[in-house]
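Biologist: I would like to learn how to read the packing in a model of this kind. Please take me through it one feature at a time.

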Number of protein chains: 2
Amino acid sequence: MKLAFADIETAARRIAPHAQVTPVLRSRSLDELAGCRIAFKCENFQRAGAFKFRGACNAVWALADADAAHGVVTHSSGNHGAALALAAKTRGIAAHVVVPEGAVAAKVAAIRAYGATLHVCAPTLVAREEAAARIARETGAVLVHPFTNEQVIAGQGTAALELLREAGELDALIAPIGGGGLIGGSAIAAKGVFPPIRILAAEPEGAADAFESMRRGVRVTDIVPDTICDGLRATFGEINFALLREYGVEVLPVSDAQTAAAMRLVFERLKIVIEPSSAVVLAAILRHRERFAGLRVGAILSGGNVDLDHLPW
Amino acid sequence: MKLAFADIETAARRIAPHAQVTPVLRSRSLDELAGCRIAFKCENFQRAGAFKFRGACNAVWALADADAAHGVVTHSSGNHGAALALAAKTRGIAAHVVVPEGAVAAKVAAIRAYGATLHVCAPTLVAREEAAARIARETGAVLVHPFTNEQVIAGQGTAALELLREAGELDALIAPIGGGGLIGGSAIAAKGVFPPIRILAAEPEGAADAFESMRRGVRVTDIVPDTICDGLRATFGEINFALLREYGVEVLPVSDAQTAAAMRLVFERLKIVIEPSSAVVLAAILRHRERFAGLRVGAILSGGNVDLDHLPW
């Protein structure tokens, strides 16, 4: 399978009964500050609080009945784990989520609240992958990877599809990059609706594997992430790197201080709650303002699951 | 003039070119927590960040050209001052705002940013009223009181009008009470659309002049406010008291601790930024849950102008 625009459209139809069509917000004062016109796609209002529900929901509902009957499994203590648990619940199938020892209690509680079975493992990537593989073997559950699964990538693209269809022609689209599922799906969707659009990705300087990979022309996988953007610490995959190159995505790095300031601006001006991993898009627009001067910009605010006791300003 | 439903409808038409039709949001998890079904009218997304723009805009645009030419004046360092400044700007007339010495710098800056002329006075109610009256005499500007002005009250009612028309039949409507402009306009609007609806007001225990007035049957004006709800510290007026009695409004007191907890819940579950003066409505629903059990409830979240450096949890 090579992902194409038709896959995004199929995903949009498939998740329509379950996912929210999230609002697009604008702010006069942020436009003045940024020197461009920004349409913010607010995935913080998505079910389970992040765009991740789109991809998880598409993956779950794309399964044949016989496969779905055995449930799904993933290893993620973050938004994808909660999203997959909720997606499985919408289809009435089992979800297994592998979480590392020491995972944030509130996030684990959210995954459990959606009805998933939790499996605790050692806090290493190898241990998590092994645990997920073992559960898949033992139960027959289908592994749904958070960003290399093609149905997940297609589902993530539905946010950009809605944005382009609501906001009309845009000169540029920017989304955060972590594992690369969102930016890949967004690129396919946006170029499919309006081919001249430019695709940009915002990435924390402390987890700049995509930026470095594009610069060097080979996928860099040895970066140890250090950023407040807990949703953007993953190392992106081969398929995600291939999509970045295919769609000519430009990666814009931002510092955590810039992200924190941008996050505060969104709270203050848009009056919405977003997480640091979302704020990187506004931070990138403000830091690299020459790239956006006078343009019509679509910006995907990816989620709103933030620790309100530890806001970063 | 005795305010009637037709005045709300007139106000809605008058402000339509300028005001936002704000979204109505719902949350499955808050409904479960509260034991009722809540439609939140999100005035934090209103221009200038609060419902106050509706009333100010209606008052400004209701003026005859000859009167409007001299501008408008008010004494309010809070949301009404900013709202009147912006409303005057939409009509291209002057706005004078009297602010007390020591007013919050950020709020004063916002009023100035909308183009109003600031007049600093001593920080007493008498000094503010005298300054506003003097400016009115000297300039011919029309005084627009924040909550006793009838066009202001009619304008505030347009939020409830939109809510009832979007959400359909509701068993109860709850809004915060400070000066009483919002609850008065809301009662007229809601009863006009759906007469069986019950009207409730949420009030901080530390500024319970409306609660005490309804209990005693006379308007209580000697309460010194002590609450985190900076928008609800005003002593309500005669016309506002009369409307409370006419529409049988039940006033529900809440503590500041309950308000802070409810505000955090709104950030966490609705993913929106509101101020303490808004959070009182959810606090009241949760504290007085027996009043709302199983009902379809409309709740007006009045604004989102909060000091993000000093959140109350």
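**Reading the axis, the helices and the sheets**

Modeller: B:Ile272 is, of the residues of chain B, the one that comes closest to the rotation axis, with its C-alpha at 2.1 Å. This is a predicted model, in which local features need pLDDT of at least 70 and side-chain atom pairs count only at pLDDT 80 or more, while totals for chains, interfaces and linings use all residues. Residues are numbered from 1 along each chain as its sequence is written, and chains are lettered from A and ligands numbered from 1 in the order in which they are written.

Biologist: What rotation and shift superpose chain B on chain A?

Modeller: Copies are superposed by least squares on the C-alpha atoms of residues with pLDDT of at least 70 in both. Here a rotation of 180 degrees, with 0.0 Å of shift along its axis, puts chain B on chain A at an RMSD of 0.0 Å. That is the relation of a two-fold axis. The same surface serves both copies, since 100% of the contact residues of chain B recur in chain A.

Biologist: How many residues does the contact take from chain B and from chain A?

Modeller: Two residues are in contact if their C-beta atoms, placed from the backbone, lie within 7 Å. By that rule chain B gives 12 residues and chain A gives 12 residues. On the side of chain B that touches chain A, six are nonpolar, three polar and three charged.

Biologist: At what angle do helix 1 and helix 3 of chain A pack?

Modeller: Helices (H or I, at least four residues) and strands (E, at least two) are DSSP runs, numbered from the N terminus. Axes are lines fitted to C-alpha atoms, for helices over the stretch in contact, and angles run from 0 to 180 degrees between N-to-C directions. Angles under 35 degrees count as roughly parallel, over 145 as roughly antiparallel, 65 to 115 as roughly perpendicular and the rest as oblique. Helix 1 (residues 5-15) and helix 3 (residues 52-62) of chain A pack at about 85 degrees, their axes 9 Å apart. That makes helix 1 of chain A roughly perpendicular to helix 3 of chain A. A:Ala11, A:Arg14 and A:Ile15 of helix 1 meet residues of helix 3 including A:Cys57 and A:Trp61.

Biologist: At what angle do the axes of helix 3 and helix 5 of chain B cross?

Modeller: Helix 3 (residues 52-62) and helix 5 (residues 79-91) of chain B have axes that come within 8 Å and cross at roughly 45 degrees. Helix 3 and helix 5 of chain B are therefore oblique to each other. The residues of their contact divide into 10 nonpolar, three polar and two charged.

Biologist: In what order do the strands of the open sheet of six in chain A run?

Modeller: Two strands pair if DSSP finds at least two bridges between them. The order in chain A is 1-2-10-7-8-9, with mixed pairing. Strand 1 (24-25) and strand 9 (250-254) of chain A each have a single partner strand, so one side of each is left without a neighbour in the sheet. Strand 8 (residues 198-204) and strand 9 of chain A pair in the parallel sense over five bridges, and A:Glu203 has A:Pro253 in strand 9 as its bridge partner.

Terms used
Nonpolar A, V, L, I, M, F, W, Y, C, P; charged D, E, K, R; others polar.
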